[in-house]
Amino acid sequence: MNALLLIPKKYSIANMLKRGFKDNGWTAKSIDFRDIVNNRRNFFYDKTAGLPNKINKKWKENYIRKINKEYITIFKKENPDIVFIYNNQFILPETLRLMKKKSKIVFFLGDNPLFTDTFKFNLDILKYSNYTICPDSYWKEQLSRIGIENIIIDYIGYDDEIFFSTVDIPIKIRNKYNSDALFIGEPHKGASAFKRASFYNSINIENFKLFGQKGWFGILNTFPLLKTKFNLLEKRVSDIELNYAMNCTKIFPIEQNRSIINGIHLRVFESIGAGTLPIVEWRKDLDTLFGKLIPTVKNYDELNHKIIYFIQNESERKNTITQLRHIIKTNYNPQKLVERIILFDK
């Protein structure tokens, strides 16, 4: 049995899912559409994507049809039992109609298709799904109202070969990330940038470090305290460096994207997997999954006090992360998730 995974290679979930299928006795091939069309086409699409549709419509349609032509070629060659798609990956309804004749179709929603305008078929393609993994109960409620079926609240969780607790860390990386509290990530744009910066600006301890790329420059002048904590990254960190970094800190505060209404950000699972305590902006589904075990904040004013509390109470911090790791290791490892996908509707 084999699976075809349509997932950007920059995301760790591709390797997590490969591991999950392998642990269930399957093989899995991962495809990133940026690797199956030439770099010149990708570059031109990126540069013109924001133009009005009347200007770039023909070019955009040709680009997407080229991607789908390659998808079909790979599909016929691999003959997979399951096609797993992250968000939309520019897959067209007619491509899915062809695939569904022979394969089960599975979607994982990293973004709410009602909130994003990255692809005009964002919702249409979900009608072909046998199993749609949704990490937010509010998204499920919205999508169910408009007739999207087979939506399952579930989480990819973490792979303990990628996110794990270790003391064997290169000294250069340890010196770089050693801290009491740490965040690595980007600010997004507009109101989302202000929201994220406000969250991390509320941390007022000496040994807090913020790492990110140049996207932070546009918002940091509004938050002078946060600016003193900022460290520039030249490029996105690898999964192994992110894991090392989390192992170099005690607390990993997590601000939830504004599109996550009830759900749980993947970083929560990755932090727990690395053995580092997350303190998370509260969402309803956190209580459903972890009860009151995971530390959360409903008001940004609470964040600094909670960080200080868990820094000062090390035994409680370590005990909490041990219990959290047991929950996700037992229920949300790649093998368990893939098992649920394979067994669905059998």
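Modeller: The buried residues of helix 8 are Ser192, Ala193, Lys195, Arg196, Ala197, Ser198, Phe199 and Tyr200. Buried means under 20% relative accessible area, exposed over 50% and partly exposed in between, with a 1.4 Å probe and protein chains only. The model is predicted: local features need pLDDT of at least 70, side-chain atom pairs count only at pLDDT 80 or more, and totals for chains, interfaces and linings use all residues. Residues are numbered from 1 along each chain as its sequence is written, and side-chain values use heavy atoms, with hydrogens and water left out.

Helix 8 covers residues 190-201, 12 residues in total. From first C-alpha to last, helix 8 reaches 17 Å, close to the 16 Å expected at 1.5 Å a residue. That expected span is 1.5 Å times one less than the number of residues. Helices (H or I, at least four residues) and strands (E, at least two) are DSSP runs, numbered from the N terminus.

Now the whole chain. Its secondary structure comes to 16 helices and 12 strands. Buried residues make up 52% of the 346 residues. The C-alpha atoms fill a box of roughly 60 × 45 × 45 Å along the principal axes. Contact means heavy atoms within 4.5 Å. Among contacts between residues at least 6 apart in sequence, 68% join residues at least 24 apart.
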